[in-house]
Amino acid sequence: MRVLLVINSLPLPFGNADARWYYVLFKGLVNKGHHVTAFATCSKLEDIAKAQALFPASDYDLRCYPVPNRKNGLIAKMETLRRPYSYIFSSDLCQDLASELAKPHDILHLEQLWSGWLGLEHKERAIINVHYLFSLDRAFEYQNSLGTRLRRFFTYRAEQKLLKAFPRIITLSERLAKHINQINPQASIYTVPLGIDFSLYPFLEQKQINQQPILGLIGGFNWTPTYSAAERLLTRLWPEIKRRVPNAKLQMVGRNAKNALAAFTDIEDLEIYQDVPDTLPYFTKTDVMLYAPIAGSGMKVKVMEAFALGTPVVTTSDGVEGIPALDGVHAGICEDDQGLIERTVALLNNSSLQQERRVQARQLLENYCSPQITIEQIERVYSC
C-alpha cells in the first residue's frame, strides 16, 4: 500500500515515549513491503541526523520538520484556541503533506490525536491512532488558574471535535475504545497495542541483588500522570514502605524530575536524577518500580520498558492499561494505598518473587505486543 504517515516525534528507539512505537511502526511497514512516506515533527534538531542514520534515504522516505517557534500575538493565540497543539506542524510539513495527498495513496495514517488537524479534509482515507486523552488523564487538575481553566475547556472541546470527525480510529486499550465509542458511536474503532522492539531491551536471566533494595519511579515528571504517581509515592506510600524495609532507598529518574519534585528533596534516602542520557541502566538497577498514578489513559511505555527489562512492577489498573497483566502473576496491581504498600514490601523482601514476576512480565509482552504482532494488526486495519 501507499501510506502517508504523520508522527509527532522522530522514530527513534530511545527517543520520546511515543517515538519507540514510531520506530517499530515505520520500520515494520516498510519491511512488509509498503511504500511509506513519514512526516515527522522534531523538537531537537540534533536528533534529525540520528533518525536519518537509522532510516537512510536509500531505503526509507523520512521527512523531518522542526517544531516552529511559538509565536506571540493575538492571531497566534486565536489559532491556538481554535486548533490546540496544531502549532507543532510547520507550514513546510503541511505543504509537503498536501502535495503527497494530491497524488494517489491508500492510507493517511495519523499518529496521536492532534495530528487529526491535518486530516480533516481527507477523512475517507484517514486512520487516526489515539494514544491517550487529556480529559481522561485529568491533565489540568493540579492548577486552577483562569488560564488553566480556559486551556482545559478548549483542549477538551478539541478532543471531542476530532474524535467525532474520523470514521476509523485506532486506540491502545478497551477503556479508550469504549470512551471514544460514546463520543463517536458511528466510528469503526480498533484496539491495537503499542509495539516495542525487544531486541533493544536485554533481559538478564538472573538479576543482580542489591544489598540495599532500590524502589524506583522512572518517567517524565512534566506529565501529569507521572507527577501524580510521584507525589502519591513520596507522601502516602514511601513513609510506610521505608518503615517496613528500613534499608531501602528511593530513586526518581527522568525528565524534569528535580524541578518537579523540588519540594520533596529532604525526604530520607531519596535520590533524584534529572534528564539522564539513558534510563535503561536505572531500570536494571531498580528492584521494584512503583508507579501509581491518580489517573492516566493509554499504555504506559515506562511500565512496558520495566516489563521488557525485567524490573518488577507494582502499579494500578491505569498503570497496566492496554496490557493483559494479572495481579500476582505479571505485576502487583492494586488501587488502594495499603494494597500497593503490601505488594511493594513483599517484592522488596523476596528476590525469588521478583524473579518470578520479571520472567512472567517479559513473556507477556513478547506474546502481546512484539513488532510482528502489532504491525500485522495495523495491516488488518488498513484492509478494513
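The structure is a predicted model, in which local features need pLDDT of at least 70 and side-chain atom pairs count only at pLDDT 80 or more, while totals for chains, interfaces and linings use all residues. Residues are numbered from 1 along each chain as its sequence is written, and side-chain values use heavy atoms, with hydrogens and water left out.

Strands of a sheet pair through backbone hydrogen bonds, either parallel or antiparallel. Here, six strands with parallel pairing form an open sheet in the order β10-β9-β8-β11-β12-β13, where strands are DSSP runs (E, at least two residues) and helices are runs of H or I with at least four, numbered from the N terminus; two strands pair if DSSP finds at least two bridges between them. Strands β8 (residues 214-218) and β9 (residues 249-254) are joined in the parallel sense over five bridges, and Ile214 has Lys249 in β9 as its bridge partner.

Helix α11 (residues 301-309) lies across β8, β11 (288-291) and β12 (313-315), and runs at about 165° to β11, the angle being taken from 0 to 180 degrees between N-to-C directions of axes fitted to C-alpha atoms, for helices over the stretch in contact, with contact meaning heavy atoms within 4.5 Å.

Ser173 is found in the loop between β6 (168-171) and α7 (174-183). With a relative accessible area of 2%, Ser173 is buried, a word that means under 20% (1.4 Å probe, protein chains only). The side chains of Ser173 and Glu321 are joined by a polar contact of 2.6 Å, that is, a pair of N or O atoms within 3.5 Å, of which, within protein, one must be able to donate a hydrogen and the other to accept it, and residues adjacent in sequence count only if both atoms are side-chain atoms.

Note on methods:
Buried < 20%, exposed > 50% of the residue type's maximum accessible area, 1.4 Å probe, protein only.
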